[in-house]
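Student: I would like to go through this protein by question and answer. Please start with the term we need for strands.

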Amino acid sequence: MMKKAISIILALGIIITASVCGAQAADPDQLCFAVASDLHYNEPEKELTETSPELLDDPIFWYANRRAAMENESGFIIDEFLRQCAENDEIEYVLLSGDLADDGKVNRKQHEDVAQKLERFEQETGKQIYVINGNHDASLNKGDTSFDDFMEIYHNFGYDKAIDRLEGTCSYTADLGEKYRLIALDSCSETKSTEDGMTLEKINWVRDCAKKAYDENRYPVLMMHHNLLEHLPLQRILSHNFIVRFHNTTAEIFADAGIRFVLTGHEHCSDAASFTSALGNKITDFATTSLTMFPLAYRVFRFSDSEINYELKTIEKIDTDSLTAATDGYTEEQIALMNKSANDYSKLFLKAGVEYRLKLGMTMEKIGIDEGEPFYNLVSTAVGSLCDTLDLPLYGKDGLQEKAKQYNINLPDSEYKNGWDLATELVAWHYAGCENFPLDSTEVTLFLRIVNFILRDTLSTVSDDVLFGVVNSLLASSGFTGGISAESTKLASKTFGPVTAAEYILLGIVTPVIEGFTNDDETNDNNGVIEGYGTASASPQLSNSSEQILSILRKTLSYLGYFFRYILKIF
């Protein structure tokens with residue numbers, strides 16, 4: 001009797017356990033995956049080497065590089081990312097949106113090392129990885145890795161599951177769970193280094209794949225390397241190689257094909273941007289930052305019919321024992337800071353690298369003006385003065401705050417050391433996403449007033465040294481010893497205040513750009529919710545309501561405006 005009772009209890013326990021497990025099993029109508037981009041894997045150096053004499057004074061980040069990418073640490077950051085994905089039971093798939101290797105075009109071994117890490121992950125977890133190529137990964141005219149080579153090396157990470165392929169490219173489609181279909185689009189040029197390689201054939205292929213997905217009761221999810229939408233102010237001008245050409249037209253086509261969700265990389269920023277077509281169809285482009293640069297981040301998406309939930313996750317630690325075993329030369333202080341927070345370390349590494357890169361670009365050789373050209377002295381003086389100004393301490397005796405007062409410009413107190421410290425902090429904001437600093441914040445106020453000071457002080461110096469050189473010589477011969485431009489600028493500041501009419505105009509031009517950097521749109525960059533594919537408003541709209549007609553007219557006028565401005569610029 002006792003044995004029978006025990007058997008019944010055990011049976012009930014098994015039934016209850018099975019019921020609970022069944023309740024917790026993945027819902028076929030839901031989907032969860034992680035996304036990382038721009039891994040830029042590098043083989044670690046045998047010994048840590050200095051980057052440039054400009055960084056030798058930095059006791060910690062003297063080995064930072066001009067890309068501000070943690071190259072030696074990259075493999076260990078990737079390992080930690082994969083470890084987190086393995087331990088997260090929610091995550092079913094891992095998607096990688098290009099630039100898997102830093103020198104992938106010319107170094108096949110980098111790709112092979114990455115593929116080995118991905119293969120080990122799939123074998124140990126049973127989770128599928130899907131990849132697409134970036135501009136660093138393959139080329140037809142350079143190095144060891146062709147597009148065919150890329151697809152061969154990463155065969156097990158999407159190409160073996162391909163439903164459709166676009167010949168001559170690395171593009172393919174594959175199913176994600178029961179209700180979604182990934183469209184992995186090769187957006188890269190076959191020969192160019194950075195710019196996109198979008199063609200009408202690729203756009204039509206995406207549209208056809210989206211239609212096929214809907215015909216088969218699946219929702220299309222697009223992944224490509226280049227941005228579809230702008231992720232910084234005037235990106236189509238300031239950073240045009242990072243966004244697909246004719247991006248608004250392409251977004252219009254993709255949105256009206258029923259694609260609501262796009263994953264991109266390339267710009268190395270964490271940003272979400274939305275676009276609504278003339279027919280009322282909304283598409284959101286999630287740009288994911290470089291995994292191996294600050295903020296060492298990746299995304300996790302959770303799909304249901306009603307909503308798409310997204311969350312940014314960061315790498316806070318790496319295996320520094322393995323790092324120091326692979327690369328000699330790290331100091332105890334560097335490793336201690338890395339162990340305390342790899343993320344904080346990466347931010348300071350980024351700031352050092354960005355400063356190095358900007359200084360590297362502020363030479364007459366890089367600017368491209370030869371010594372014999374008419375504007376050489378003008379530009380050389382301005383650039384030298386600019387660098388000197390940014391190097392100055394912000395506060396204290398002979399600091400920037402004190403010098404700015406000569407022009408009636410008051411710099412607010414802050415914890416920033418110099419202009420470079422503030423400028424690189426603004427760059428870090430862009431990479432990290434969620435730029436929510438109002439125009440009256442200390443950072444933006446300080447930045448705009450430093451710009452104002454640089455304009456006044458630098459331009460007055462240039463005028464004294466170059467533009468008014470002859471006038472000053474004539475005045476000096478008449479007994480006038482002061483520089484006409486600098487003195488008149490200071491006098492004007494005392495008389496009329498810290499802002500001239502010309503500077504008001506400049507402020508009107510600059511402010512929208514600054515606001516675009518410091519205040520994001522309505523879509524939260526890092527953590528939030530958008531409508532799922534199953535909502536009524538998410539279905540492709542084809543009606544001709546009056547509101548949509550007005551929207552089409554507005555867009556038409558906008559495009560005509562772009563066209564005429566372009567024509568006027570040419571002629």
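Tutor: Two strands count as paired if DSSP finds at least two bridges between them. Keep in mind throughout that this is a predicted model.

Student: Which residue in β11 stands opposite Arg-302?

Tutor: Strand β10 is also joined to strand β11 (residues 307–314), by seven bridges, and these two run antiparallel. They form a hairpin with three residues between them. The residue in β11 opposite Arg-302 is Asn-309.

Student: How many of the residues of β10 are buried?

Tutor: A residue is buried when its relative accessible area is under 20%. Phe-303, which is in strand β10, has 2% relative accessibility and therefore counts as buried. β10 is mostly covered, and the number of its seven residues that are buried is six.

Student: How many aromatic pairs does a search of the whole structure find, and what kind of pair do Phe-33 and Phe-303 form?

Tutor: The search finds 25 aromatic pairs. For Phe-33 and Phe-303 the centres are 5.4 Å apart and the planes are at 35 degrees.

Student: What kind of aromatic pair do Tyr-407 and Phe-453 form?

Tutor: Tyr-407 is in the loop between α13 (400–404) and α14 (419–432), while Phe-453 is in helix α15 (residues 442–467), 46 residues apart. Both are buried. Their centres are 5.8 Å apart and their planes 65 degrees; an angle over 60 counts as edge-to-face, so the pair is edge-to-face.

Student: Which strands stand at the edges of the six-stranded open sheet?

Tutor: The six strands follow the order β4-β5-β6-β7-β9-β8, with mixed pairing. A strand at the edge has a single partner, so one side of it is left without a neighbour in the sheet. The edge strands are β4 (172–176) and β8 (271–276).

Student: Which residue in β7 stands opposite Leu-222?

Tutor: Strand β6 (residues 219–224) and strand β7 (residues 261–264) run parallel and are joined by two bridges. The residue opposite Leu-222 in β7 is Val-262.

Student: At about what angle does helix α5 run to β5?

Tutor: Helix α5 (residues 200–215) lies across β4, β5 (180–185) and β6. Angles are taken between N-to-C directions and run from 0 to 180 degrees. For α5 and β5 the angle is about 170 degrees.

Student: Which peptide bond is cis, with omega near 10 degrees?

Tutor: Most peptide bonds are trans. Pro-295 has its place in the loop between β9 (282–287) and β10. The cis bond runs from Phe-294 to Pro-295.

Student: Is Phe-246, with its positive phi, buried or exposed?

Tutor: Most residues other than glycine have a negative phi. Phe-246 is not a glycine, yet its phi is about 50 degrees. It lies in the loop between α6 and α7. With 66% relative accessibility, against a cut-off of over 50%, Phe-246 counts as exposed.

Student: How does Asp-398 count by its relative accessibility?

Tutor: Asp-398 also has a positive phi, of about 65 degrees, although it is not a glycine. It is found in the loop between α12 (376–391) and α13. Its relative accessibility is 42%, so Asp-398 counts as partly exposed.

Student: What share of the 571 residues counts as buried?

Tutor: The protein comes to 19 helices and 12 strands. Of its 571 residues, the share that counts as buried is 48%.

How values were computed: Residues numbered from 1 in each chain as written. Predicted model: local features only at pLDDT ≥ 70, side-chain atom pairs only at ≥ 80, totals over all residues. Heavy atoms only, no water. Phe/Tyr/Trp six-rings, centres within 6.5 Å; stacked < 30°, edge-to-face > 60°. Helix = DSSP H or I, 4+ residues; strand = E, 2+ residues; numbered from the N terminus. Buried < 20%, exposed > 50% of the residue type's maximum accessible area, 1.4 Å probe, protein only. Contact = heavy atoms within 4.5 Å.
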